[in-house]
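Thanks for asking me to look this one over with you. Here are my notes, written for someone opening the entry without any background.

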Amino acid sequence: MDPRLANLVDLQKAMAVRHRLEKEKAELPERIKAVEQQLAQVGATLQEAEATFKEHERRLREKEAELQDVQAKENKIKGQLFQIKTNKEYQAALQEVENFKVKRGQIEEEVLILLDTVDDERRVLQERREESKAHESRLKMTLERLQKRSGEIDAELAAAAQAADVVARNVDPDLLGRFQRVFDAKDGVALTPANGDYCHSCQVHLTPHVVQVVKRGQDFVTCEGCSRFLYWDSELGD
Ligand SMILES: [Zn+2]
């Protein structure tokens, strides 16, 4: 292989490493933000469920107190029935007892429904607390990993950029310019194998003539399909 072409192979490798790190660095803040938002969401959802449960518990206590109150009033009138002198007053008192009874029945019904609700919610909430905890700890681990990566990536990127610059110095400036343009336009791949008689990037079938030139490795040939530079990778075979 022409050493100029061999340099392009090295350049593609070095520039791809830099490109991957640049992409990763650019995406890190968004990824961190997304995990932070998920964390906040998990906490908020649980808090909402806790608040609903507390509210139902409060209403249950309120209804139970109300029930006691009505029961006490009913008992009080019942206790006074024997002391009532006139029939009219007696009938009125009986009616009042009846009214309290009806009221008590309604409240008892409400208490039973609330008891069921609170029991269900307590059980569901216990499960959700555990799920949230597990989910939160997974998210926190992801966040730590991403934050750690943020701290490392600048040094890695600087080293990769330096390595790419060193290789680029061996490439003719005009050729380097062409190579860089293809690299930027073609998502970080400017040079691609032609083994098997097809372009490994765009899968276009290559003519025997192109394959012959590429195999010889003495001239620069670009793919008709995607404009990337082609080379024959000795490690891939025919
Ligand atoms: Zn191609």
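**Notes on the fold**

1. Let's start with the order of the elements: read from the N terminus, the protein chain goes α-α-α-β-α-β. That comes to four helices and two strands. Please keep in mind throughout that this is a predicted model.

2. The overall shape deserves a look before any detail. The C-alpha atoms of the protein chain fill a box of roughly 125 × 40 × 25 Å along the principal axes. The radius of gyration is 39 Å, whereas a compact globule of 238 residues would have one near 18 Å. Buried residues account for 11% of the 238 residues in the protein chain.

3. What about contacts across the sequence? Among the contacts of the protein chain with a separation of 6 or more, 72% are between residues 24 or more positions apart. N99 and E74 are 25 residues apart in sequence, and their C-alpha atoms are 8.8 Å apart in space. N99 itself is partly exposed, because it has 14 other C-beta atoms within 10 Å, and the partly exposed class falls between 12 or fewer for exposed and 20 or more for buried.

4. The domain assignment divides the protein chain into domain 1 (3–168) and domain 2 (172–238). Their C-alpha centres lie 55 Å apart, yet the two do meet: nine residues of domain 1 are in contact with ten residues of domain 2. On the domain 1 side, helix α1 (residues 3–80) gives the largest share, eight residues. By type, that side of domain 1 has seven nonpolar residues, two polar and no charged.

5. Which residues touch the most other members of the largest nonpolar core? They are L8, F179, A194, V214, F229, L230 and Y231, in a core of 20 residues. Two or more residues of this core come from each of α1, α2 (87–168), α3 (173–185), α4 (208–216) and β2 (229–231). The largest share is that of α1, with four residues. Both domains take part, as domain 1 (3–168) and domain 2 (172–238) each supply at least three residues.

6. Beyond its neighbours within four places in sequence, F229 is in contact with L8, F179, V182, A190, L191, F220 and T222.

7. Two backbone angles are worth checking. Most residues other than glycine have a negative phi. D187, which is not a glycine, has a positive phi of about 50°. This residue lies in the loop between α3 and β1 (191–193). Is D187 buried or exposed? It is exposed, because it has 10 other C-beta atoms within 10 Å, and 12 or fewer counts as exposed.

8. S227 is the other residue to check: it is not a glycine either, and its phi is positive at about 70°. You will find S227 in the loop between α4 and β2. With 15 other C-beta atoms within 10 Å, S227 is partly exposed.

Notes. Residues numbered from 1 in each chain as written. Predicted model: local features only at pLDDT ≥ 70, side-chain atom pairs only at ≥ 80, totals over all residues. Rg over C-alpha atoms; globule rule 2.2 N^0.38 Å. Contact = placed C-beta atoms within 7 Å. Domains from an automatic or database assignment. Nonpolar A, V, L, I, M, F, W, Y, C, P; charged D, E, K, R; others polar. Core = buried A, V, L, I, M, F, W, Y, C linked by C-beta atoms within 7 Å.
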